[in-house]
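This report is for a reader meeting the structure for the first time. It begins with a pair of helices and then turns to the rest of the chain.

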Amino acid sequence: MSRRKLCQICGGKAYKRYFGVVSCENCKEFYKYSVRTGKLYVCSGNKEGEEQQCSINLKADTEPCKRCLFDKCKAKGMTRLDVKLYQRFNRRQLPIKTPGIIKQLVRVYFSVFQLQERQFQAKNAKPLLLSDTPLEKSRSSYKASMFSQLCSQYEPLIYKMVKFFSRVPEFSTLPSDDQLILLKTGFIDAWLVLNARNLSIVQDSLTLCDGAQIPVCEFTTVYTKDYVTSLLELSDDFRVMKLLPYDRAVILALVVLCSDRPNLIATDKVKEMKDSLLKSFRQFLQLTRPSNTNLYTKITNLLSSIYDIGKQHALLMNMYRAELDNLHVSSVITELFDLHPPHAYKES
Ligand SMILES: [Zn+2]
Ligand SMILES: [Zn+2]
């Protein structure tokens, strides 16, 4: 059972966050209804310049003042956009003419990444320090230990990606070696799709999609200043485009279906799958956001930015291949980022 909390709007019993605010069912339903119907309430009590007197308790005997209740919902941080996302999310509404492959990806995405989407909405951030080792250690081992810490943050996504792609029927028809190569080389790209929209700097920290807030200076130490700058630029691009969870489902598949990856066997098939997905996505965007004519082009630009950052990340791994003794990462991470001794890596 979840722990009982108090509704930040009316003070009643609450168990969850709705639209970003710990609130009770009544207040949530009231706010949702008000936004959906676009009602304009008039305050029944307060006179200008007076402190709040109106009752906003939905369960009290007296009729609550809807205006004051609505204002309080807004003041506590509920937004219209949250309601829209919530509705789309819960009903998983897609237009009837949505291409089949998009419907399929969205269904799988919601079943695997629903929690991630919700956690992001709830904005339940928690600070995370990568460095627990004292600073006097030599700089490179200090870096390696912070990177190890960050890797344990990456790790759960690996399993989710495997789960997601194993349920995309077309992906499973690729040779299993190819599936592995695509998941491995597309990992950072996928991580970016899930995290980028949220990677703004708040109180000198980067917030990841699971709510972890990592100090920017630590991120810069683990990678480079240029890398972090690219992340922040990508984050801006994501936010400006106001993508929906549906879009992320498709973009996630698109970044992984990359026929340029080295050592692929079924290159043509991967390319074919990607092209046909792009075509369906274009139809979907026209169907759902017909007035936003550049959106498809913007998204294809976004895909190439993601690809570039993924490549930067792969190059940066060289510095940790020289620090293997100081890394404390799981064998899964070792495989994922090819963290083998430099000579062994070249041979393969
Ligand atoms: Zn309430
Ligand atoms: Zn009032």
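## A pair of helices

Two packed helices are described by the angle between their axes and the distance between the axes. For H12 (residues 267-288) and H13 (residues 295-321), the angle is about 140° and the axes are 10 Å apart. Axes here are lines fitted to C-alpha atoms over the stretch in contact, and angles run from 0 to 180 degrees between N-to-C directions.

H12 passes H13 in a right-handed crossing, that is, the near helix is turned clockwise from the far one by less than a right angle. On the H12 side the contact (heavy atoms within 4.5 Å) involves Leu278, Phe281, Arg282 and Leu285, and on the H13 side Leu295, Tyr296, Ile299, Thr300 and Leu303. Seven of these residues are nonpolar, one is polar and one is charged. Asp, Glu, Lys and Arg count as charged, Ala, Val, Leu, Ile, Met, Phe, Trp, Tyr, Cys and Pro as nonpolar, and the others, Gly among them, as polar.

## The chain as a whole

The protein chain has 15 helices and eight strands, taken as DSSP runs of H or I (at least four residues) and E (at least two), numbered from the N terminus. Of its 348 residues, 47% are buried, meaning under 20% relative accessible area with a 1.4 Å probe and protein chains only; exposed is over 50%, and partly exposed is in between.

## Nonpolar cores

The largest nonpolar core holds 88 residues, and Phe147, Phe164, Phe219, Tyr223, Ile251 and Phe337 touch the most other members. Helix H5 (residues 139-166) gives the largest share of this core, 12 residues. Such a core is a set of buried Ala, Val, Leu, Ile, Met, Phe, Trp, Tyr and Cys residues joined through side-chain atoms within 4.5 Å. Apart from this core lies another, of 22 residues, including Cys7 and Val83.

## Leu6

Leu6 lies in strand S1 (residues 5-6) and counts as exposed because its relative accessibility is 59%. Beyond neighbours within four places in sequence, Leu6 contacts Gly11, Gly12, Ala14 and Val22.

## Conventions

Residues are numbered from 1 along each chain as its sequence is written, and chains are lettered from A and ligands numbered from 1 in the order in which they are written. In this predicted model local features need pLDDT of at least 70, side-chain atom pairs count only at pLDDT 80 or more, and totals for chains, interfaces and linings use all residues, while side-chain values use heavy atoms, with hydrogens and water left out.
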